[in-house]
Amino acid sequence: MQITVVVDRVPHAITIPAQASFLKSGQTVAYVWNGSAFHERAIQVERRSRDRILVSGGLKPGDLVALKDPSGKE
C-alpha cells in the first residue's frame, strides 16, 4: 500500500522525474530537447523527493527533458 501526504502546494510549479536530473561538474543539469537534439541546461532544484524534483529555475513549462543522459556519460 502506498500513501501520499500533501504537505505543501506550489502554484505554477515545474516538476520533472528524478531520473531526468544529472550531476555534472558539481552542477545539477537536465537535457532539454530543442527540436533536433538534447542540450544540457543547468537547473535549480527547489525540492526533491524519491521520484520527483521541483525545479525553481532553468526550465520552462513545456520543456521536454531526457530520462537518460544522451551523451552516454552517466
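Residues are numbered from 1 along each chain as its sequence is written, and side-chain values use heavy atoms, with hydrogens and water left out. Because the model is predicted, local features need pLDDT of at least 70 and side-chain atom pairs count only at pLDDT 80 or more, whereas totals for chains, interfaces and linings use all residues.

The chain contains zero helices and six strands, and its elements follow the order β-β-β-β-β-β from the N terminus. Helices (H or I, at least four residues) and strands (E, at least two) are DSSP runs, numbered from the N terminus. The C-alpha trace spans about 35 × 25 × 25 Å along its principal axes. Among contacts in the chain with a separation of 6 or more, 52% are accounted for by residues 24 or more positions apart; contact means heavy atoms within 4.5 Å.

The chain has 74 residues, of which 30% count as buried. Buried means under 20% relative accessible area, exposed over 50%, and partly exposed in between (1.4 Å probe, protein chains only). The chain exposes about 5,600 Å², and carbon and sulfur atoms supply 51% of this area. Accessible areas come from the Shrake-Rupley method with a 1.4 Å probe; for residues, only the protein chains shown count as cover.

Ile14 belongs to strand S1 and counts as buried because its relative accessibility is 17%. Apart from residues up to four places away in sequence, Ile14 touches Ile53, Leu54, Val55, Leu59, Lys60 and Pro61. The C-alpha atoms of Ile14 and Arg52 are separated by 10 Å, with the two residues 38 residues apart along the chain. Ala66 is placed in the segment after strand S6 (52-57), and its relative accessibility of 6% is why Ala66 counts as buried. With neighbours within four places in sequence left aside, Ala66 is in contact with Ala20, Phe22, Tyr31 and Phe38. Between Ala66 and Gln19 the C-alpha to C-alpha distance is 8.6 Å, at 47 residues apart in sequence.

The count of salt bridges comes to three, a salt bridge being a side-chain nitrogen of Lys or Arg within 4 Å of a carboxyl oxygen of Asp or Glu. One of them joins Asp69 and Lys24, whose closest N and O atoms are 2.5 Å apart. Asp69 lies in the segment after S6 and Lys24 in strand S2 (residues 22-24), so this pair ties together parts that are 45 residues apart in sequence. Both Asp69 and Lys24 are buried.

Asp63 forms a salt bridge with Arg41, and here the closest N and O atoms are 2.9 Å apart. This pair also links distant parts of the chain, with Asp63 in the segment after S6 and Arg41 in strand S4 (residues 38-42), 22 residues apart. Asp63 counts as buried at 19% relative accessibility, whereas Arg41 is partly exposed, with a relative accessible area of 30%. The side chain of Asp63 also meets that of Lys60 in a salt bridge, at 3.3 Å from N to O.

For the charges of the chain, the mean positions of the 10 positive and 7 negative charges are 2 Å apart. In this count, Lys and Arg are positive and Asp and Glu negative, while His and the chain ends are not counted. The place of a charge is taken as NZ of Lys, CZ of Arg, CG of Asp or CD of Glu.

At the surface, Met1, Ile3, Val5 and Val7 form a nonpolar patch with about 600 Å² of accessible area together. Patches are made of residues with over 30% relative accessible area and no salt bridge; like charges are joined within 9 Å and nonpolar side chains (Val, Leu, Ile, Met, Phe, Trp, Tyr) within 5 Å. Ile3 is found in the segment before strand S1 (14-17) and counts as exposed, at 66% relative accessibility.

Most residues other than glycine have a negative phi. Ser25, although not a glycine, has a positive phi of about 50 degrees. Ser25 is exposed, with a relative accessible area of 83%.
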